[in-house]
Amino acid sequence: MPGSLPSSGRFWDKPIEALTRDEWEALCDGCGKCCLHKLEDEDTGDVHHTNVACRLLDLSTGRCSDYRHRKAMVPDCLRLTPRLVRDVPWLPATCAYRLRADGQPLPAWHYLECGDREEVRRAGHSVIGKAISEVLAGPLEEHIVPEDFASGVRR
Ligand code: SF4
Ligand code: SF4
């Protein structure tokens, strides 16, 4: 998730391996989809998506409420790296890291393209209003949703 925004032009067009740490962090669109729990079928290995959010996800902003200390609070929180991103098959198709790792451009609603961090929500790609906290949800099996349940209406 983004910290201060780097000022080096269209850095997001660079190969992900060439990004600075701040540029890498700034690539996140803030959709919150990667902070939803998944269930893996032990027999088939299939991954099922749910609308249940990690307890640290702020459901009003779609952002981690304690990003700096998240690994201490949620040990299995995924820390994406340029090397790792291609090995995480459940990242949403709209994830900025996945898109850039595949050499695809960022969508028009990404804040780096449009200059507005709220556009991810307006375009329907944020989990805001679509997710429930794990604190309240109960069994994950009761919250399985289609993979594209928050895939939005605009590319
Ligand atoms: S899915 Fe990708 S772009 Fe969306 S919040 Fe997670 S890391 Fe950021
Ligand atoms: S700790 Fe923060 S970044 Fe990690 S899954 Fe939870 S809300 Fe997302």
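First, the ground rules. The model is predicted, so local features need pLDDT of at least 70, side-chain atom pairs count only at pLDDT 80 or more, and totals for chains, interfaces and linings use all residues. Residues are numbered from 1 along each chain as its sequence is written, while chains are lettered from A and ligands numbered from 1 in the order in which they are written.

Now the fold. There are 6 helices and 6 strands. These are DSSP runs, numbered from the N terminus: H or I of at least four residues for helices, E of at least two for strands. From the N terminus, the order is α-β-β-β-β-α-α-α-α-β-α-β. The C-alpha atoms fill a box of roughly 45 × 30 × 30 Å along the principal axes.

Look at β1, residues 36-40, and β2, residues 47-53. They pair antiparallel over 4 bridges; pairing takes at least two DSSP bridges. Glu40 stands opposite Val47 in β2. The two strands make a hairpin with 6 residues between them. In the turn, Gly45 has a positive phi of about 80°.
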